[in-house]
Amino acid sequence: MIPRAPKGTDDILPPASRRWRELLRVFDEMTEQWGYGLTLTPIFETTELFARGVGEETEVVEKQMYSFVDKGDRSLTLRPEATASVVRAYLQAGGQGVFKAAYAGPMFRYEQPQAGRRRQFFQVGIEYLAEPSPDADVEVIDFGYRLLERVGVTGVTVLLNSIGDPADRAAYRDRLTGFLQERIGRLSDDARRRVATNPLRVLDSKVDADVVADAPAPLDHLGEAAAAHFAAVRSGLERRGIASEIAPRLVRGLDYYNRTVFEYVAASYDAAQDSLGGGGRYDPLAEIIGGKAVPGVGLAMGVDRITAAMPEVGGEDLDVFVAVAVEARRTEALDLVASLRAAGVRADLDLGGRSLRAQFKAADRRRARAVAVVGEEVTEGRVTVRRLAGGDDEQIPIEEVAAWVTSP
Ligand code: HAM
């Protein structure tokens, strides 16, 4: 028996991976258009980075980290997310000026696997560093919204909240702790534990939703600066025509946030009301991991979930499949494929000497638009072409194949 992929991991193969390719293509194109530079950081980091950055009291650090000791006795962790890594990389490189980062890659969390909740999952994300303006928050939220729109996910709403600044939060935390203490007997075990360590997290605990339904909300306890920031974000989103909804109990699962937090939900993806992406402002993060103060805002989108909510990607995978009618003319067929590829045409052929019938079948299976048959007439510089959607055979000069297959 062959070993199977580990629990909670997936092989993403064609044709399902067509959606992945489309999403990654759109992400790549958009990040270039919006001015985000490709940023690659290690897939493992020191455990300390996430313990500090993401927060000791979070579920991610407490329960979900893939940590190991390497042969040099260092404690390392497979990244559960990339924001802490990007901020670390920026600081390590000297941390000068505005920095707009784009990343794509696998993340790792020891979850109870189910659909849309994997142990290895894939994120695309952007981080906008050293920019305190609420317009940066609006840009980041707008980016995620447009990305979903461009890949065809419909009915998207941005859930939006502000959790204020750490200084404002102290007073709020006391009020919330008081509220929760009075109801301690009705809280779940997890929530009870969090009352002392991280009471904000109780707000978005699904099992405790009844108890916290009328808890004091962070939004009603914002300081003046945070309130003005939130108002600016809201009016910016409105100007961009983004459908958003205030979610007073949205606090997010990572500890580095202040002010703006948000998540994307979609009508076409409601598996356990999970979000397709999320993010927020994290002005405290750079200092938490030991650097100077650097404001930042960013998001990460869940590729596994978005591809599940995307419509089928239509169209052909190949412009032309080159079929070899007579084995003696294989060399000419190989040359034709090489020249088509060099001209930017998506072209392929069968290398196994199969029957013409089998090659036409392969062309169909590979979603080719047309077939070019290389037979004896190639010695006179001609090949036979046929569109697979229907159409007659035509003989055309070999140097016209590229133009013929890409014409409508
Ligand atoms: P997050 O909310 O933990 O935020 O993850 C972002 C997105 O990744 C989620 O909305 C979801 O789509 C996807 N995701 C998370 N965990 C899983 C999983 N186990 N299986 C499948 N998909 C998953 C962050 O990671 C922050 N770093 C976002 C951010 C960037 N904040 C500021 N900048």
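Me: Leaving aside its neighbours within four places in sequence, what is Arg-79 in contact with?

Reply: In this predicted model, Arg-79 is in contact with Thr-41, Pro-42, Ile-43, Phe-44, Phe-50, Gly-105, Pro-106, Met-107 and Phe-108, once neighbours within four places in sequence are set aside. Contact here means heavy atoms within 4.5 Å. Arg-79 itself is found in the loop between β4 (75-78) and α4 (83-92). As for Phe-108, it lies 29 residues from Arg-79 along the chain, yet the two C-alpha atoms are separated by 6.0 Å.

Me: Why is Arg-79 called buried?

Reply: Buried means under 20% relative accessible area. Arg-79 has 6%, so it counts as buried.

Me: What makes β2 and β3 edge strands?

Reply: Start with their sheet, an open one of 3 strands in the order β2-β4-β3, with antiparallel pairing. β2 and β3 (66-69) each have a single partner strand, so one side of each is left without a neighbour in the sheet. Neighbouring strands here are turned by 35° against each other on average, direction ignored.

Me: How do you know that β3 and β4 pair?

Reply: Pairing takes at least two bridges between two strands. β3 and β4 are joined by 4 and run antiparallel, so by that cut-off they pair. One spot to look at is Phe-68, whose bridge partner in β4 is Leu-76.

Me: Which strands stand at the edges of the 8-strand sheet?

Reply: That open sheet has the order β1-β5-β6-β11-β10-β9-β7-β8, and its pairing is mixed. Its edge strands are β1 (37-38) and β8 (244-246), each of which pairs on one side only.

Me: How do you know that β1 pairs with β5?

Reply: The cut-off is at least two bridges. β1 and β5 have 2 between them and run parallel, so they qualify as a pair. Leu-38 stands opposite Ala-102 in β5.

Me: What makes β10 largely enclosed?

Reply: 5 of the 5 residues of β10 (residues 277-281) are buried, so the rest of the structure largely encloses this strand. It has partners too: β9 (residues 258-266) pairs with β10 in the antiparallel sense over 5 bridges, and β11 (residues 296-302) pairs with it, also antiparallel, over 5 bridges. On the β11 side, Gly-278 stands opposite Ala-300.

Me: Is Asp-137 buried or exposed, and how do you know?

Reply: Its relative accessibility is 0%, so it counts as buried, given that the cut-off is under 20%. Asp-137 is placed in helix α5 (residues 134-150). Neighbours within four places aside, Asp-137 is in contact with His-229, Val-233, Thr-260, Arg-281 and Val-297.

Me: How do you know that the span of α6 agrees with what a helix should have?

Reply: At 1.5 Å a residue, the 17 residues of α6 (residues 166-182) should span 24 Å, and the end C-alpha atoms are 24 Å apart, so the two agree. The helix does bend, by about 30° at Tyr-172.

Me: What makes β12 largely enclosed, and which strands pair with it?

Reply: 7 of the 7 residues of β12 (residues 318-324) are buried, so this strand is largely enclosed by the rest of the structure. β12 runs parallel to β14 (residues 368-374), joined by 6 bridges, with Val-320 opposite Ala-370. β12 also pairs in the parallel sense with β13 (residues 347-349), over 3 bridges; there, Phe-321 has Asp-348 as its bridge partner.

Technical notes: Residues numbered from 1 in each chain as written. Predicted model: local features only at pLDDT ≥ 70, side-chain atom pairs only at ≥ 80, totals over all residues. Heavy atoms only, no water. Buried < 20%, exposed > 50% of the residue type's maximum accessible area, 1.4 Å probe, protein only. Expected span 1.5 Å × (residues − 1). Bend = angle between axes of the 7 residues up to and from the residue. Axes fitted to C-alpha atoms, helices over the stretch in contact; angles between N-to-C directions.
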